[in-house]
Amino acid sequence: MLGITKWFSRFAVALGGFLIFVGIIVIGVFLIGFFDMADFSILETENLQNLSLLLLLAIGLADLVAGVILWRR
C-alpha cells in the first residue's frame with residue numbers, strides 16, 4: 001500500500017509541475033496577444049478554435065486530477 005501512495009505522490013508532483021509550466025506559457029501567450037505583440041487572427045478559424053478549447057479542457061481536467069490526488073494525499 002505504501003508503494004501506491006508513493007507513486008501517486010510522485011505523479012501528483014510531476015503533474016503539478018507540468019501544469020505550472022503550461023500555465024506560465026498560456027499566461028505568456030495571453031499577454032503577447034493582449035498587448036498586440038503578435039497577431040493571432042489565424043486562430044479565428046472554427047477548427048482551430050475547437051482545438052484550442054479542447055486543449056484548455058484537457059489542461060483543466062489534468063488540473064482537477066492533480067488537485068484530487070493532492071487532496072487525498
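Tutor: This is a predicted model. The structure holds 3 aromatic pairs. Start with F30 and F34. Their ring centres lie 5.7 Å apart, and the planes meet at 25°. Stacked pairs have planes under 30 degrees apart, so F30 and F34 are stacked.

Where do F30 and F34 lie? Both are in helix α1. They are 4 residues apart, about one turn of the helix.

Next, exposure. The cut-off for exposed is over 50% relative accessible area. F30 has 52% relative accessibility, so F30 counts as exposed. F34 has 53%, so F34 counts as exposed too.

F34 also pairs with F35. Here the ring centres are 5.2 Å apart and the planes stand at 75°. Edge-to-face needs over 60 degrees, so the pair of F34 and F35 is edge-to-face. F35 is exposed, as is F34.

Now widen the view to the surface. F30, F34 and F35 belong to a nonpolar patch there.

I32 sits in helix α1, which covers residues 2-34. Is I32 buried, partly exposed or exposed? Its relative accessible area is 36%. Buried would need under 20%, and exposed over 50%. I32 is therefore partly exposed. Patch members need over 30% relative accessible area, and the 36% of I32 passes that cut-off.

Last, the whole chain. The protein has 2 helices and 0 strands. Its C-alpha trace spans about 50 × 25 × 15 Å along the principal axes. The radius of gyration is 16 Å, whereas a compact globule of 73 residues would have a value near 11 Å. Buried residues make up 11% of the 73 residues. The accessible surface of the protein comes to about 6300 Å². Carbon and sulfur atoms account for 74% of that surface.

Conventions. Residues are numbered from 1 along each chain as its sequence is written. This is a predicted model: local features need pLDDT of at least 70, side-chain atom pairs count only at pLDDT 80 or more; totals for chains, interfaces and linings use all residues. Side-chain values use heavy atoms; hydrogens and water are left out. Patches are made of residues with over 30% relative accessible area and no salt bridge: like charges are joined within 9 Å, nonpolar side chains (Val, Leu, Ile, Met, Phe, Trp, Tyr) within 5 Å. Accessible areas come from the Shrake-Rupley method with a 1.4 Å probe; for residues, only the protein chains shown count as cover. A salt bridge is a side-chain nitrogen of Lys or Arg within 4 Å of a carboxyl oxygen of Asp or Glu. Buried means under 20% relative accessible area, exposed over 50%, partly exposed in between (1.4 Å probe, protein chains only). Rings of Phe, Tyr and Trp (its six-membered ring) pair if their centres lie within 6.5 Å; planes under 30 degrees apart count as stacked, over 60 as edge-to-face and the rest as tilted. The radius of gyration is taken over C-alpha atoms; the globule rule is 2.2 Å times the number of residues to the power 0.38.
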